[in-house]
Amino acid sequence: MAVKVIIPTPLRIYAAKKESAEVSAQTVGEALGGLTTQYSELRKHLFTDDGKLRSFVNVYLNDEDIRYMAKEATPVKDGDVVSIVPSIAGGNLEK
Amino acid sequence: MATKTQSPIANTPAASLSNEEILRYSRHLIMPEVGMEGQLKLKNAKVLLIGTGGLGAPLGLYLAAAGVGKLGLVDFDVVDFTNLQRQVTFGTSDVGKHKSAAAQARLSNLNPDIEVLSFETQLTSANALELFKDFDIIVDGTDNFPTRYLVNDACILLGKPNVYGSIFRFEGQATVFGMPDGPCYRCLYPEPPPPGLVPSCAEGGVLGVLPGIVGSIQAMETIKLILGAGDSLAGRLLLFDALGMKFRELKLRKNPDCPMCGKNRTIHQLIDYYEFCGVRGEEAPAPDLQVPEMTPRELKLRLDHGDDLYILDVREPHEYQICNIKGHLLPLGELPRRVHELDSSREIVAHCRSGKRSAEAVDFLRKAGFRKIHNLKGGILAWSDEVDPSVPKY
């Protein structure tokens, strides 16, 4: 299945500054795996050392949080959009 | 799954508008969605803004202009020149003044009929509940994770709505947390990212208009809450990409296992949020990064002495254009694959803007076998302060 993965601004520096990537996958987990195969530097920002998705990285399939679906095993279909939504804190940003 | 906005302002106490106020708010009063009833709700509303910076600027201006009767401003910071690019509440003459006091003066001038309170203090676990209790709605315009978790938890403990907005470079997020049966910030992000895994502000930056847009969305949601009008962002996370000029919306669900607002909550009081977020949140250098340092004065002496030093600038090319000390540019992100360009037999002094990124570079190079390497303490900022003030600071 061809799905689009949207890469958020804070992580684009680890993904050749790309806004999104097209990957082929059966599940959300495979889609993220495909993405980190293309951009290996992204891996440590998305996954822990033992391969679990980091708790502060939220992943959505279309507009639904995968935590409330089958998590990384959530199946995807052609044309689906996977979004990575990390927490950002800015509002003032001096320093 | 938009939910009808529920106003947290209970029955409006008796109040009326003066003829001057009627004139001032006439463009509200002639709208049936606001009208006299809505304008009186605004007049009776009490809103607390956490932060008077980028997001706080449009928030303060629009909420004051709209006639929100009592506005509290919490900020301990002082206006500096780098704020003026986006914090439109302030003028050049405000540089050096306390932000909450400068914003109070500006908003009182904009609308003398409202009460503007300045709290020149850092929001902490010790003062948050006391500060929040006199307000109906809390608006989060802060810039760091510890304060965001603190604002969330205090709002949940007191049962107050938390109008949330956040920005990074040219991307923004907005929603409303803390509504009855709605999700809270911890439902969305149970834990903060560890300090080392978030790009620092120096690498980040922000397009000045972006907080203007996201802060305006927060102001709109605040006013809708007060009026009880329209569909609230509660339960929806709005994502805004300014470069693509795209708005997207994701479903936000209340997490039944949320430690703060779930059925079996485990957090019953405010905690130490700096500890929770790992020392000092996203501003902190990666812990335990002890690398050999050289001060700007030592470097100057060594260079004047004619020593053979290789100056390695690990900033980005666009930063090099702002100012440089004639170092060899090799951005931190490219270091792993370009490390072979460096000669480990030479003595190297690495620098960046403030010393944080170059500490990472020195750490990396030491692990790669480089032995004669130092981090320029305080970066190019310290070089400007201690050696050559003609180098501009940014």
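This is a predicted model: local features need pLDDT of at least 70, side-chain atom pairs count only at pLDDT 80 or more; totals for chains, interfaces and linings use all residues.

Colleague: Start with chain B. How many helices and strands does it have?

Modeller: Chain B has 16 helices and 15 strands. Its C-alpha trace spans about 80 × 50 × 40 Å along the principal axes.

Colleague: And what percentage of its residues is buried?

Modeller: Of the 394 residues in chain B, 46% are buried. Also, if you take the contacts with a separation of 6 or more, 70% of them in chain B come from residues 24 or more positions apart.

Colleague: OK, sheets. What is the strand order in the 8-stranded one?

Modeller: In chain B, it goes β4-β3-β2-β5-β6-β7-β9-β10, as an open sheet with mixed pairing. The edges are β4 (115-119) and β10 (246-251) of chain B, each pairing on one side only. Neighbouring strands are turned by 15° against each other on average, ignoring direction.

Colleague: Take β6 and β7 of chain B: parallel or antiparallel?

Modeller: Antiparallel, over 7 bridges, between β6 (residues 162-168) and β7 (residues 171-177) of chain B. As one example, F168(B) has E171(B) in β7(B) as its bridge partner.

Colleague: Which strands does α10(B) lie across?

Modeller: α10(B) lies across β2 (46-50), β5 (137-140), β6, β7 and β9 of chain B, and runs at about 170° to β6(B). There's also α5 (residues 99-110) of chain B, which lies across β3 (70-74) and β4 of chain B at about 175° to β4(B).

Colleague: What about the hydrophobic side of things? How many residues are in the largest nonpolar core?

Modeller: That core has 75 residues, and those with the most contacts inside it are V47(B), L48(B), L49(B), V68(B), L71(B), I138(B) and V139(B). Helix α10 (residues 209-227) of chain B gives the most to this core, with 8 residues. Another core, of 21 residues, lies apart from it, and L11(A), Y14(A), L35(A) and Y60(A) are among its members.

Colleague: Zoom in on V68(B). What does it touch?

Modeller: Leaving out residues up to four places away in sequence, V68(B) touches L42(B), A45(B), V47(B), L63(B) and I114(B). L42(B) belongs to the buried part of helix α3 (residues 35-44) of chain B, along with G38(B), Q39(B), L40(B), K41(B) and K43(B).

Colleague: And what do those buried residues of α3(B) pack against?

Modeller: Three helices of chain B: α2 (26-29), α4 (56-66) and α10.

Colleague: Switching topic: D241(B). Why does it count as partly exposed?

Modeller: Because D241(B) has 16 other C-beta atoms within 10 Å, and that falls between the 20 or more needed for buried and the 12 or fewer for exposed. D241(B) is in strand β9 (residues 236-241) of chain B. Not counting residues up to four places away in sequence, D241(B) touches F170(B), E171(B) and K246(B).

Colleague: Last one, the interface. How many residues of each chain are in contact?

Modeller: 25 residues of chain A are in contact with 41 of chain B. On the chain A side, β3 (57-61), β4 (64-65) and β5 (81-86) are the elements giving two or more residues, and β5(A) gives the most, with 3. That side of chain A divides into 11 nonpolar, 9 polar and 5 charged residues.

Note on methods: Residues are numbered from 1 along each chain as its sequence is written. Chains are lettered from A and ligands numbered from 1 in the order in which they are written. Two residues are in contact if their C-beta atoms, placed from the backbone, lie within 7 Å. Helices (H or I, at least four residues) and strands (E, at least two) are DSSP runs, numbered from the N terminus. Ala, Val, Leu, Ile, Met, Phe, Trp, Tyr, Cys and Pro count as nonpolar, Asp, Glu, Lys and Arg as charged, and the others, Gly among them, as polar. A nonpolar core is a set of buried Ala, Val, Leu, Ile, Met, Phe, Trp, Tyr and Cys residues joined through C-beta atoms within 7 Å. Two strands pair if DSSP finds at least two bridges between them. Axes are lines fitted to C-alpha atoms, for helices over the stretch in contact, and angles run from 0 to 180 degrees between N-to-C directions.
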